[in-house]
Amino acid sequence: LVHAVAPGLDDEVVDRIVANSDGVPYFLEEQARAAGEAPDGAAGAPLALSVFLAARLDELGPGPKRLLGEIAVAGEGVRLDVLAKLTEVRAGELDFLLDELCRRRVLLRTRGPAGDAVRFRHALMREAAFDGVLESHRAELHRHIAELLRELPGAAAPEDLAHHYELAGETERAAGSWLEAGRLAAASGANHEAIKLFRRGLAAVARMSEGGTRDAIELDVQLGLGTALSTLEGYTSPDARTAFERAVALGERLGDTATIFPALWGTSSYWFVLGEHRIDSALVDRMLRIADEQDDPRFRFEAAFVAGYRGLYLGHFERAREQLGRATRHLGLEPIADLPEDSGIVSRSTLSVVLWFLGEAEASREAATEALRLAEALEPSSRRAALTTCWVSVNLAWRAELDDDSEMAIEFADRAAAI
């Protein structure tokens with residue numbers, strides 16, 4: 001490798017470089033390149049890797065070193081249009097410096113759908129360039145980078161913005177960006193990732209000053225976290241319950257009853273699945289009261305779905321039919337919150353079971369057929385498709401079992417289990 005990088009070096013110098021490299025190929029290559037550029041310096045005492053790389057950066061001169069520091073702070077790679085706005089280097093000079101740094105194998109140019117970018121050829125050199133930037137200046141650069149990335153469509157993911165805002169000390173903006181990143185991950189079904197991002201958001205919230213703004217952001221983060229946890233771990237997830245109950249407390253402090261509603265839904269589901277119907281009943285009654293106070297009919301549809309579903313399990317079939325019949329109207333409407341299922345579809349499958357118990361076989365069959373048709377028409381990649389299809393399949397397996405159709409019951413049950 002040394003002979004390939006610097007073919008003119010004699011064997012004694014090559015042996016010394018190999019001995020000093022500590023088995024790090026990049027260190028070996030950079031030492032060889034330095035010796036090739038200045039053979040007289042190759043006889044000096046060996047240097048530690050960090051010291052050697054810092055010296056290599058110094059050799060480039062103050063302008064290139066400052067530019068590399070800006071690129072290092074920007075991240076693993078930086079788009080050229082972002083770099084042009086970030087750096088103080090003039091456009092013509094910037095192109096020349098980038099070409100030179102690529103020629104010297106410090107940087108690499110890459111091409112992507114969003115445009116050309118540059119990145120360090122090796123993480124060790126990026127680390128050395130990053131360490132060469134004063135900490136106070138790093139914070140200014142992170143703030144500037146975040147603002148630039150926010151202005152340019154598609155330039156960065158929300159978690160990248162959050163990272164820069166966090167390192168700039170902008171905790172409120174960091175928390176908001178972590179929240180946005182978590183919501184996007186949850187919307188794509190990446191609940192493991194969403195949970196990590198929401199928790200990063202809570203860590204940022206904890207560093208904010210107390211007050212209404214902090215409470216409002218934490219409320220949204222806790223709602224997102226609770227929903228992702230219940231989707232991934234089930235309705236009896238203790239962590240989901242903790243998140244939902246914290247969201248309720250924050251909503252009460254803020255007087256935000258509309259946002260309390262989905263948090264109550266999550267807490268209610270926890271107690272309902274555990275069979276604690278007395279606790280759950282009080283929460284459902286509160287949801288119904290909140291829904292009646294809202295101008296938006298979607299609250300009443302969602303509350304009716306919850307109340308109707310509970311009515312089925314408690315054997316209150318007439319009440320369940322009334323509430324679920326109302327809930328089936330929740331179709332084609334955006335949900336009031338990031339709830340993990342389409343209640344307008346699930347309510348139909350639930351209603352099919354209720355109608356069976358009421359002895360209305362034909363109406364039960366029609367509700368089941370319609371629920372299945374609507375579930376199968378969902379876009380598979382949409383946020384609520386998986387849980388909606390699973391829930392519908394469970395209800396239809398139950399109905400088939402009641403109908404003594406064992407094969408159909410097993411087919412629906414297997415479909416739900418697979419999801």
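**Figure 1. Ser 237 in the loop between helices H13 and H14.** In this predicted model, Ser 237 sits in the loop that joins helix H13 (212–233) to H14; helices (H or I, at least four residues) and strands (E, at least two) are DSSP runs numbered from the N terminus. Ser 237 is buried because its relative accessibility is 3% (buried: under 20% relative accessible area; exposed: over 50%; partly exposed: in between; 1.4 Å probe, protein chains only). Not counting residues up to four places away in sequence, Ser 237 touches Leu 229 and Tyr 270 (contact: heavy atoms within 4.5 Å). Residues are numbered from 1 along each chain as its sequence is written, and side-chain values use heavy atoms, without hydrogens and water. Because the model is predicted, local features need pLDDT of at least 70 and side-chain atom pairs count only at pLDDT 80 or more, whereas totals for chains, interfaces and linings use all residues.

Figure 2. A cavity is a set of points, on a 1 Å grid over the protein atoms alone, where a 1.4 Å probe fits but cannot get out; lining residues have an atom within 4 Å of a point. The lining of the second largest cavity consists of Ser 230, Tyr 235, Ala 240, Arg 241, Phe 244, Trp 265, Gly 266, Ser 269 and Tyr 270. Helices H14 (238–254) and H15 (257–273) each supply at least two of the lining residues, and H15 gives the most, with 4. By type, the lining has 5 nonpolar, 3 polar and 1 charged residues (nonpolar: Ala, Val, Leu, Ile, Met, Phe, Trp, Tyr, Cys and Pro; charged: Asp, Glu, Lys and Arg; polar: the others, Gly among them).

**Figure 3. Asp 215 in helix H13.** Asp 215 belongs to helix H13. With a relative accessible area of 7%, Asp 215 is buried. Its contacts, leaving out residues up to four places away in sequence, are Leu 250, Arg 253 and Leu 254.

**Figure 4. Ile 71 in the largest nonpolar core.** The largest nonpolar core has 104 residues, of which Leu 68, Ile 71, Leu 98 and Phe 120 touch the most other members. Such a core is a set of buried Ala, Val, Leu, Ile, Met, Phe, Trp, Tyr and Cys residues joined through side-chain atoms within 4.5 Å. Apart from neighbours within four places in sequence, Ile 71 contacts Val 78, Leu 83, Leu 98, Leu 107, Val 118 and Phe 120.

**Figure 5. Ala 367 in helix H20.** Ala 367 is placed in helix H20 (residues 361–376). Ala 367 counts as buried because its relative accessibility is 11%. Arg 348 lies 19 residues away along the chain, with 5.6 Å between the C-alpha atoms of the pair. Beyond residues up to four places away in sequence, Ala 367 touches Arg 348, Ser 352 and Leu 355.

**Figure 6. Residues 41–47.** Over residues 41–47 pLDDT stays under 50, and the model has 7 contacts for them beyond four places in sequence. pLDDT is the predictor's confidence in each residue, from 0 to 100. Where pLDDT is low, the predicted coordinates should not be read in detail. The protein chain averages a pLDDT of 86, and 85% of the residues score at least 70.

How values were computed. On a 1 Å grid over the protein atoms alone, a cavity is a set of points where a 1.4 Å probe fits but cannot get out, and a pocket is an open set with protein on both sides within 12 Å along at least five of seven lines; lining residues have an atom within 4 Å of a point.
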